[in-house]
Amino acid sequence: MTPELQETEKEDVPIEQIIKKGVDVICGKWRLIIIHLLRDKTLRYGEIKRAIPGISEKVLVHELKQLVELGMVDKQSFGEVPPRVEYRLNEKGHTVLPVIDVLSQVGRVFM
């Protein structure tokens with residue numbers, strides 16, 4: 001399917017459904033924090049875990065898996081012992097960064 005055809009099909013979707021999908025993508029207590037951490041760099045699982053002290057292993061694994069499945073984060077596994085896995089925000093993931101920037105501005109106003 002060409003990008004032009006995909007855009008045409010999206011135009012037929014009601015705006016309410018598009019907004020709901022956008023909210024579904026960014027929701028989650030830790031999801032935007034993870035995306036923000038990956039903004040400018042590639043990080044290993046342990047680095048992400050240390051950067052978010054309040055997150056449980058189970059939740060971090062789930063959120064990273066969701067971000068990979070949504071196509072926002074690329075996961076690269078290396079065949080090493082001990083295992084090494086790196087996560088990187090891709091082009092699709094970068095589309096969320098302006099939302100994070102606006103939320104940061106709003107948060108500052110209410111601090």
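Biologist: Is Glu80 buried, partly exposed or exposed?

Modeller: The general idea is a cut-off on relative accessible area: buried is under 20%, exposed is over 50%, and partly exposed is in between (1.4 Å probe, protein chains only). Glu80 has 38% relative accessibility and therefore counts as partly exposed. This is a predicted model, in which local features need pLDDT of at least 70 and side-chain atom pairs count only at pLDDT 80 or more, while totals for chains, interfaces and linings use all residues. Residues are numbered from 1 along each chain as its sequence is written, and side-chain values use heavy atoms, without hydrogens and water.

Biologist: Which residue forms a salt bridge with Glu80?

Modeller: A salt bridge here is a side-chain nitrogen of Lys or Arg within 4 Å of a carboxyl oxygen of Asp or Glu. For Glu80 the partner is Arg84, with the closest N and O atoms 2.9 Å apart. Glu80 and Arg84 also belong to a network of salt bridges that takes in Glu86.

Biologist: How many salt bridges does the rule give?

Modeller: The count is six. One of them joins the side chains of Glu63 and Arg31, at 2.8 Å from N to O. Glu63 sits in helix α5 (residues 57-69) and Arg31 in helix α3 (residues 31-37), so this pair ties together parts 32 residues apart in sequence. Helices are DSSP runs (H or I, at least four residues), as are strands (E, at least two), and both are numbered from the N terminus.

Biologist: Are Glu63 and Arg31 buried or exposed?

Modeller: Glu63 is buried, at 7% relative accessible area. Arg31 counts as buried too, at 6% relative accessibility.

Biologist: What distant parts of the chain does the pair of Asp101 and Arg39 link?

Modeller: Their side chains meet in a salt bridge of 2.8 Å, N to O. Asp101 is in helix α7 (residues 97-109), and Arg39 is in the loop between α3 and β1 (43-44), 62 residues apart. Asp101 counts as partly exposed, at 34% relative accessibility, whereas Arg39 is buried, with a relative accessible area of 18%.

Biologist: Which residues form a nonpolar patch on the surface?

Modeller: Patch residues have over 30% relative accessible area and no salt bridge; nonpolar side chains (Val, Leu, Ile, Met, Phe, Trp, Tyr) are joined within 5 Å, like charges within 9 Å. Val13, Ile15, Ile18, Ile19 and Val23 form such a nonpolar patch, with about 410 Å² of accessible area together. Areas come from the Shrake-Rupley method with a 1.4 Å probe, and for residues only the protein chains shown count as cover.

Biologist: Where does Ile19 lie?

Modeller: Ile19 is in helix α2 (residues 15-26). Ile19 counts as exposed, because its relative accessibility is 51%.
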